[in-house]
Structures are given as C-alpha cells and as structure tokens.
Amino acid sequence: MYVGVDSFVSTVTDPATGRVVGPEERIEHLLEEIALADTSGLYSFGIGEHHREEYYDSAPPVILGAAAARTSRIRLGSAVTVLSAADPVRVFQQFATLDLIAKGRIDLVVGRGSFTEAFPLFGLELRDYDTLFAEKLDLLLKIRDETHVTWSGRHRPALTGQGVYPRPAQDPLPIWVGVGGTPESFVRAGLLGLPLMVAIIGGEPRQFAPLVDLYRRAGAEAGHAPERLQVGLHVFGYVGESVREASDTIYPGWHEMFTKVSRERGFRAPTRAQFDATSGPDGAFFMGDPDTVATKLRRVADQLGGVDRVSIQMTNPRLAHADLLRGIELLGTEVAPQVAGV
C-alpha cells in the first residue's frame with residue numbers, strides 16, 4: 001500500500017495568533033509541504049480543484065507545475081480534476097505537459113466533484129451532471145489512446161482527426177476515476193478498466209466493501225486483468241504524537257469547515273462527539289499517532305479486499321503550518337513504512 005497526501009489548499013487562520021495567512025504565503029507554505037512530502041518518503045501528493053472563496057486550488061496544473069520543479073521522486077496529481085466542467089483536450093494537454101516537466105510522475109484523477117460552483121461558473125447546466133462527465137471521460141480516454149482524434153458528442157464540438165499535443169512521458173498517462181458512493185460510478189470505472197479513487201468522507205470505510213467488489217466484478221466481466229483494477233482511497237486525517245493531540249489539533253478547523261458546509265446544505269451542525277466517533281477505529285477519519293493510523297490503514301485494506309494507495313487529505317483552515325509539516329513528516333517516516341508490505 002502506497003501512502004500520500006491530498007490538499008485542497010484552504011485558507012488558513014493561524015490558531016496561535018488569529019492572523020489570516022495571505023494567499024502568497026499560503027501557496028509558499030503549500031510548496032514547502034509538497035517538498036517535505038517528497039523527502040519524507042511519501043508516494044504521492046494531490047491537489048484538489050474548487051472554485052470557492054475558502055480554497056486556493058482553482059488551477060491545480062499551475063500548482064503542480066511549480067511542485068514538479070521542486071521535487072524529484074514523489075508522484076503528483078489531481079484530487080480531483082472536475083472533468084465535467086473542463087475541456088478534455090485542454091486537460092490532457094495540461095497534464096501531458098506536467099508529465100514532461102515531472103519526468104513521468106503525474107497521475108490524473110478525474111471526477112464530478114462534491115461541490116457544484118463550477119457549473120454556473122463555466123456556463124453549464126447542473127441537470128447535465130451525469131452526461132457531461134460520461135461524455136468528457138470518453139473523449140479524454142480517446143485522446144489518451146490516439147494522437148489524432150475523431151470524436152463527436154453533445155457537449156463539445158466534434159474532433160475530425162486533429163492532433164492533440166504534447167504527448168506525455170508516460171504511455172499511457174495514468175487516469176484514475178474519483179468516485180463517491182454511487183454504484184453506477186464504480187461499475188463505469190470497472191467496465192473501463194480504470195483505477196478507482198474512492199472518496200470516503202463519512203460513515204465507515206467497511207461500508208464501501210460491496211461497492212469496491214462491484215467495481216472488481218464489473219472489471220473482471222469486461223475482461224480486464226486484476227492488476228489493472230487498482231483501488232485507492234481519499235480520506236480525511238492527520239498524524240500527531242498521540243491520538244488526543246492529533247484530534248485536538250484538527251478539531252477546530254474541522255468544525256469550521258463542516259459547519260459551513262452543513263449550513264449550506266441544510267444539515268445539522270456538527271459536534272465534537274460526532275468528530276470523535278468518526279475518528280475512532282471504525283470511522284472514516286484516519287486520526288492519531290503513527291501506530292494508530294497504520295493499524296487502521298491495514299484493517300481497512302483488509303476490509304476492502306486490498307487497497308493499492310491511500311491519500312490522506314489534511315486541509316484544515318485552523319491548522320498551523322508547522323503542525324501540518326510535522327503531520328506530513330510522521331506520515332512519511334513512521335506510517336508509510338509500516339504499511340508498505342500490505
């Protein structure tokens with residue numbers, strides 16, 4: 001099992017001083033975090049995509065380009081690229097160029113996103129949520145497989161043999177499908193033989209076992225070799241010196257984030273009891289000291305029939321830069337080695 005970090009590049013208020021970290025400083029902190037992940041032995045670092053005031057990740061390829069120039073070993077990727085709101089030609093060109101800069105260290109994870117701001121921003125209809133993604137994924141895979149593309153669909157002008165350049169260093173460029181809890185999404189990824197990145201943000205990870213099994217069965221029935229049907233997890237978490245220290249460090253920012261989202265979506269306000277339960281042995285959050293987190297990773301991998309990689313999302317608007325750096329270091333030096341043979 002490979003271990004990495006995902007970031008949504010949230011705005012940050014320093015918990016000690018109450019000072020809001022400015023955008024330039026926050027981006028510089030992010031690049032320091034990625035560089036440390038590289039030297040700490042982590043496998044990957046992913047950048048999300050959002051179009052909201054509280055995040056600075058609306059242009060992931062730009063951030064990843066800067067990160068590629070500062071790193072030498074770690075794999076870099078999207079977490080996820082909101083393909084429904086993008087042009088697959090431009091997405092492929094951007095990530096192929098990134099792959100050249102990074103000398104073959106790029107992963108493209110595509111999905112529909114958990115927020116909907118991109119749809120009105122780019123003049124798209126939310127009612128086309130499903131068809132936009134399916135059609136654009138079809139075109140993206142066509143571009144990956146063929147330099148000169150002939151294709152037509154509903155949501156984009158046709159291609160009639162035009163060449164799409166540059167081509168990436170990796171052949172083929174790894175394309176993962178990011179999914180939530182919709183069975184149809186798991187089946188689609190399996191039928192296409194694409195690796196799967198499962199976002200687990202609530203409930204219990206073991207509840208996803210039937211969906212992961214559905215993905216593997218769909219892939220097998222479509223004739224894809226088992227080694228092609230990789231499973232990754234995108235989860236929320238943090239590694240500290242102890243379970244209590246990790247929880248107390250993360251909780252204020254977690255409460256701020258989920259209070260805002262709950263208010264927007266009409267949910268009940270989150271509580272500390274809810275946070276502690278979700279951070280427990282069977283919950284969705286991977287929180288605690290290195291041994292606790294490693295033990296939970298092994299248990300969840302077993303529950304899901306094997307997991308190829310896990311990306312822990314540490315974005316938090318009340319997490320000090322020094323604490324985040326320490327969490328990344330512990331994840332790379334103490335957690336990752338414990339699960340490398342899983």
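Predicted model: local features only at pLDDT ≥ 70, side-chain atom pairs only at ≥ 80, totals over all residues.
**View 1. Helix α3 crosses helix α5.** Here we look at the meeting of α3, residues 88-101, with α5, residues 129-145. Their axes come within 9 Å and cross at roughly 45°. The two helices are therefore oblique to each other, and α3 passes α5 in a right-handed crossing. On the α3 side, the contact is made by P88, V89, V91 and F92, while α5 brings K136, L139, L140, I143 and R144.

**View 2. Helix α10 packs against helix α11.** This view turns to α10 (290-303) and its partner α11, which spans residues 321-339. The pair packs at an angle of about 40°, and the axes are 9 Å apart. That angle makes α10 oblique to α11, and the crossing is right-handed. From α10 come P290, D291, V293, A294, L297 and R298, which meet L330, E334, V335, Q338 and V339 of α11. The contact residues divide into 7 nonpolar, 1 polar and 3 charged.

**View 3. L297 in the largest nonpolar core.** Keep an eye on L297, one of the α10 residues that meet α11 in the previous view. The largest nonpolar core holds 90 residues, and those touching the most other members are F45, L76, F186, L233, L297 and L331. Helix α11 supplies the largest share of this core, with 7 residues. Leaving aside residues up to four places away in sequence, L297 touches M1, V3, F286, V310, V335 and V339. Two of these, V335 and V339, also belong to the α11 side of the α10 contact. As background, nonpolar side chains tend to be buried together in soluble globular proteins.

View 4. Where does G306 lie? The loop that holds G306 runs between α10 (290-303) and β12 (309-313). Is G306 buried, partly exposed or exposed? With a relative accessibility of 27%, G306 counts as partly exposed, because buried residues must fall under 20% and exposed ones over 50%. Which residues does G306 touch, not counting those up to four places away in sequence? They are R216, V231 and A301. A further landmark for this view is V212: G306 and V212 are 94 residues apart in sequence, yet their C-alpha atoms are 9.7 Å apart in space.

Key. Residues numbered from 1 in each chain as written. Heavy atoms only, no water. Axes fitted to C-alpha atoms, helices over the stretch in contact; angles between N-to-C directions. Helix = DSSP H or I, 4+ residues; strand = E, 2+ residues; numbered from the N terminus. Parallel < 35°, antiparallel > 145°, perpendicular 65-115°, else oblique. Left-handed = near helix turned anticlockwise from the far one by under 90°. Contact = heavy atoms within 4.5 Å. Buried < 20%, exposed > 50% of the residue type's maximum accessible area, 1.4 Å probe, protein only. Nonpolar A, V, L, I, M, F, W, Y, C, P; charged D, E, K, R; others polar. Core = buried A, V, L, I, M, F, W, Y, C linked by side-chain atoms within 4.5 Å.
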